[in-house]
Amino acid sequence: MGIKTVAVYSTADSNSLHVKMADEAVCIGPPAAKESYLDTEKILKAVEDTGAQAVHPGYGFLSENSQFVAELEKRNIVFIGPSAKAIVGMGDKLESKRLAMAAGVNTIPGFDGVIKDADHCVSISRDVGYPVMIKASAGGGGKGMRIAYNDNDAREGFKLSSQEAASSFGDDRMLVEKFIDTPRHIEIQVLADKHGNTIYLNERECSIQRRNQKVIEEAPSIFLDAATRAKMGEQAVSLCKRLGYYSAGTVEFLVDSQKQFYFLEMNTRLQVEHPITESITGIDLVHQMIRVAEGYSLKHTQSDIEIRGWSIESRVYAEDPYKNFGLPSIGRLYKYIEPTHIPGVRCDSGVEEGSAISVYYDPMICKLVCSGPTRQDAIATSLAALDSYVIRGVTHNIPLLRDILTEDNFTSGNISTNYLPQTYPKGFTGRTLSVRDEKKLTALAAAIFVKKELRSYDLVSGKLMHPPPTKWTLVVMYQDKEIDVEVELVGDKIKVYINDETLEVKNSFNLASPLIQSEIDTEPLTSQFVSKTPAGHIHLIFEGSDYKIRVLTKDASELAALLPKKQKSNVSKTLLAPMPGIVKSVTCQVGDKVYEGQELCIIEAMKMQNSLPATQDAVVKTINIKAGDQVAESEILIEFQ
């Protein structure tokens with residue numbers, strides 16, 4: 001658009017992509033959000049010093065802070081978003097519910113007031129009836145929210161949610177609503193100008209969540225029919241008109257199995273998942289926000305809004321999906337390649353190769369947006385993109401994302417906000433390979449061994465020191481399996497014989513590339529080769545999941561079996577940090593007798609409070625942490641007698 005930009009950043013983000021892309025950049029303080037991104041005075045000073053005429057707030061931090069908007073308005077600085085009045089009306093969940101009811105919007109039953117303390121929370125929860133949702137009045141983005149099924153849950157949920165709310169929003173007021181079991185989370189995108197024109201841009205299905213934060217979103221929803229879509233859209237528009245709302249915004253609903261829908265909240269800002277709406281409507285929402293802020297009328301009417309194909313957004317996080325569906329991971333991206341070479345793929349990211357993922361902010365790496373004419377096409381493109389997405393240096397959630405996209409309930413559209421715990425009742429434990437996939441993985445590992453072996457032969461004075469072999473007898477070992485294979489090099493094929501079956505791997509891939517683009521029995525295959533050690537350990541990424549495979553010659557495997565096994569460390573008498581973070585509090589002392597399930601400390605990681613309980617009855621022997629300490633994953637926090 002030809003508009004010059006100024007980026008503000010904390011010292012933790014000094015090398016971030018948005019800082020490099022902007023025309024100017026201003027440092028506004030240390031990593032802690034309260035001392036940088038939430039410090040309105042520092043940002044206002046950056047506006048003044050650079051002569052900026054407008055501010056776009058992005059997705060979080062001050063994007064829904066009415067006081068910040070009011071200060072900009074006083075200084076005649078344009079806020080690229082709604083008015084302070086609209087933010088006040090929708091930013092407080094109590095007030096937003098009252099306004100929604102006045103606008104004729106369906107609402108959820110609950111307590112119409114602020115919860116005073118944990119005892120009050122228990123009392124109100126009993127009156128409303130379990131299960132209840134305890135959530136921050138000023139919250140959003142899944143922060144400060146807990147489901148309570150009983151009094152203990154209510155007491156614990158109030159404490160942790162109010163602490164999160166204070167940390168994330170500077171406002172610890174809480175409220176309680178009836179929790180609707182097995183609902184879908186479906187939201188309506190709205191767009192309005194300053195001249196009273198308001199339209200809705202269809203819906204987004206956001207039901208797949210963990211800890212009330214979205215993981216995969218799609219547009220449109222496979223569940224809605226045209227009549228329900230129209231009713232939800234009309235109620236969303238009615239709410240906007242009641243507010244005098246302008247700019248982009250999102251009205252979120254919970255929808256039950258009978259397609260009855262209830263107002264959840266309104267986000268008076270751009271949503272993280274806005275690209276999928278852009279994909280199916282062809283409307284650039286950020287462009288429209290800037291036009292509206294400048295005072296232009298909308299270029300579109302409701303009759304212009306169509307649904308063009310299907311779009312799926314996979315949120316790629318720096319998280320370990322095997323731990324509670326995603327505990328944060330930190331580190332530096334020493335290798336990073338986005339799959340933008342695939343048609344229909346869009347990557348909205350704030351990182352590049354060399355970027356650091358820190359403990360201070362949200363762990364999202366990228367919004368991977370994949371589109372196609374149909375839902376099946378969008379899923380197929382998503383799978384190809386996830387297989388081709390190279391991320392090294394941090395643990396990430398691609399294994400979980402890819403597994404969801406191939407899971408039967410997801411592919412049939414049978415989902416709700418309970419999808420993850422219902423689909424993975426024991427947590428995500430990794431992809432279950434079919435018999436055919438196991439053979440493909442075995443063949444690929446054997447082919448990589450052969451390629452590596454052949455590459456080790458060297459030319460001296462134009463002659464080979466040793467002629468390379470053309471046949472191998474190997475043992476492939478992974479996941480407690482030992483598979484005997486015969487391998488033969490025939491032309492441009494690596495033939496792998498597994499029992500009575502022959503698999504042909506096309507010898508066209510390059511081990512110097514992180515991506516292996518090959519074929520097995522003429523089927524295209526995209527996988528990733530991470531590393532191989534001299535001891536035969538091969539690290540592969542196959543269909544999104546990591547596999548540590550050992551491939552040895554038959555003779556070497558027989559000798560390796562004679563070596564002593566390394567003993568595992570005994571960690572039964574320790575409390576380990578499940579993820580990197582900052583210690584917020586320690587609730588035990590040396591000598592205390594603690595009981596299984598008792599909270600021992602709270603660690604904050606990427607804006608989420610995590611209570612760490614004792615895993616057994618014990619006596620505290622040593623405490624190695626105090627409030628304010630930064631800890632690493634697997635660090636010993638507390639030792640027991």
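Tutor: We begin with handedness. A crossing is right-handed if the near helix is turned clockwise from the far one by less than a right angle, and left-handed if the turn is anticlockwise. Please keep in mind that the model before us is predicted.

Student: Which handedness does the crossing of α6 and α7 have?

Tutor: The crossing in which α6 passes α7 is right-handed.

Student: What else is needed to describe two packed helices?

Tutor: Two packed helices are described by the angle between their axes and by the distance between those axes. Here, helix α6 covers residues 118-128 and helix α7 covers residues 151-169. Their axes come within 9 Å and cross at roughly 135°. That angle makes α6 oblique to α7.

Student: Which residues of α6 and α7 meet?

Tutor: From α6, the residues are A118, D119, C121, V122, S125 and R126; they meet D151, A154, R155 and F158 of α7. Sorted by class, the contact of α6 with α7 holds five nonpolar, one polar and four charged residues.

Student: How do α4 and α5 cross?

Tutor: Helix α4 (residues 84-91) and helix α5 (residues 93-102) have axes that come within 5 Å and cross at roughly 95°. Angles from 65 to 115 degrees count as roughly perpendicular, and α4 and α5 are therefore roughly perpendicular to each other. In this contact, G89, M90 and G91 of α4 meet K93, E95, S96 and L99 of α5. The residues of the contact divide into two nonpolar, three polar and two charged.

Student: Is α4 mostly covered or mostly open, and how many of its residues are buried?

Tutor: Helix α4 is mostly covered, with six of its eight residues buried. The buried residues are A84, A86, I87, G89, M90 and G91. They pack against α3, β4 (78-79), α5, α8 (226-243) and β12 (261-267).

Student: How many residues of α9 are buried?

Tutor: In helix α9 (residues 274-281), seven of the eight residues are buried, so the helix is largely enclosed by the rest of the structure. The buried residues of α9 are H274, P275, I276, T277, E278, I280 and T281. Just after α9 comes G282, which takes a positive phi of about 75°.

Student: Let us turn to aromatic rings. How is a pair of them described?

Tutor: A pair of aromatic rings is described by the distance of the centres and the angle of the planes. This structure holds 10 aromatic pairs. In one of them, the ring centres of Y37 and F61 are 5.0 Å apart and the planes lie at 20°, so this pair is stacked.

Student: Which parts of the chain does the pair of Y37 and F61 tie together?

Tutor: Y37 lies in the loop between β2 (24-27) and α2 (40-50), while F61 lies in the loop between β3 (54-55) and α3 (66-74), so the pair ties together parts that are 24 residues apart in sequence. Y37 counts as buried at 10% relative accessibility, whereas F61 is partly exposed, with a relative accessible area of 35%.

Student: How are the rings of Y37 and Y361 arranged?

Tutor: The centres of the Y37 and Y361 rings are 5.5 Å apart and the planes lie at 75°, so the pair is edge-to-face. Y361 lies in the loop between β19 (356-357) and β20 (364-372), and Y37 in the loop between β2 and α2, so this pair ties together parts that are 324 residues apart in sequence. Y361 is buried, with a relative accessible area of 10%. Ring pairs link Y37, F61, Y360 and Y361 into a cluster.

Student: Is D437 buried or exposed?

Tutor: D437 is buried, with a relative accessible area of 13%. Its place is in helix α15 (residues 435-455). Leaving aside neighbours within four places in sequence, D437 is in contact with F542 and E543.

Key: Residues are numbered from 1 along each chain as its sequence is written. This is a predicted model: local features need pLDDT of at least 70, side-chain atom pairs count only at pLDDT 80 or more; totals for chains, interfaces and linings use all residues. Side-chain values use heavy atoms; hydrogens and water are left out. Axes are lines fitted to C-alpha atoms, for helices over the stretch in contact, and angles run from 0 to 180 degrees between N-to-C directions. Helices (H or I, at least four residues) and strands (E, at least two) are DSSP runs, numbered from the N terminus. Angles under 35 degrees count as roughly parallel, over 145 as roughly antiparallel, 65 to 115 as roughly perpendicular and the rest as oblique. Contact means heavy atoms within 4.5 Å. Ala, Val, Leu, Ile, Met, Phe, Trp, Tyr, Cys and Pro count as nonpolar, Asp, Glu, Lys and Arg as charged, and the others, Gly among them, as polar. Rings of Phe, Tyr and Trp (its six-membered ring) pair if their centres lie within 6.5 Å; planes under 30 degrees apart count as stacked, over 60 as edge-to-face and the rest as tilted. Buried means under 20% relative accessible area, exposed over 50%, partly exposed in between (1.4 Å probe, protein chains only).
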